[in-house]
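Hello,

Here is the structure we spoke about, passed on to you with its sequence. My notes on what was found follow below it.

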Amino acid sequence: MPVRPIVKYGDPVLHSPSPPVAAIDHETSGLVADMVATMYAAPGIGLAAPQIGVPLRVIVIDLSVGADPSQLIKLVNPELVSKEGEQRHDEGCLSVPGYGGSPIRPARVTVKGLDLSGHERIYAATELLARAFCHEIDHVDGLLFVDRLTPLKRDLLKRKLRKRAKNSDWED
Ligand SMILES: [Zn+2]
């Protein structure tokens, strides 16, 4: 399970929608294993395949960052099936190191997708887990938390990030 480099803001793979996984096979399992290893090494609570440069709709989430194996979620072709209410909290992203923002997210979501055996999984989530699902599903749709900020904050942050991306001036 090699830890892979995390792609940063400005890389085209992060800014365009990823296609679904057509067939779940050993390559998918290998990808997911690498994603989990990369998420834990970062450390982070979620990761989407485009963040390691793979344009596919695959996400992993673990709010316990490896402390509690029952919290690890691996989802192929995730979809937001319903959302309700609003919440707003600070968010960061492994692909936008050093910056944060507070996008408005749904308070409650229902998400479905496939596990690595190809079986449908449905999750009902609130609070941090709801935010994590929305954040990671945004990634496979080619969106970052930056894109969800108010226009003023978004433009200000994007100007800074474009400069950093142009100089490949990320701190890690
Ligand atoms: Zn992210």
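T38 counts as buried, because its relative accessibility is 1%, under the 20% cut-off. Please keep in mind that this is a predicted model. T38 is part of helix α1, which covers residues 26-41. Its side chain comes to 2.9 Å from the backbone nitrogen of R4. Leaving aside residues up to four places away in sequence, T38 is in contact with P2, V3, R4, I6, L47 and I52.

C93 and H139 are both buried.

Last, the aromatic residues. Searching the whole structure gave 1 aromatic pair. The partners are Y123 and F133, and their arrangement is tilted, with 5.5 Å centre to centre and 45° between the planes. The angle falls in the tilted class because stacked requires under 30 degrees and edge-to-face over 60. Y123 comes from strand β9 (residues 120-126) and F133 from helix α2 (residues 127-140), so the pair links distant parts of the chain, 10 residues apart. Y123 and F133 are both buried.

Regards

Definitions and conventions:
Residues numbered from 1 in each chain as written. Predicted model: local features only at pLDDT ≥ 70, side-chain atom pairs only at ≥ 80, totals over all residues. Heavy atoms only, no water. Phe/Tyr/Trp six-rings, centres within 6.5 Å; stacked < 30°, edge-to-face > 60°. Helix = DSSP H or I, 4+ residues; strand = E, 2+ residues; numbered from the N terminus. Buried < 20%, exposed > 50% of the residue type's maximum accessible area, 1.4 Å probe, protein only. Polar contact = N/O pair within 3.5 Å; in protein donor to acceptor, adjacent residues only side chain to side chain. Contact = heavy atoms within 4.5 Å.
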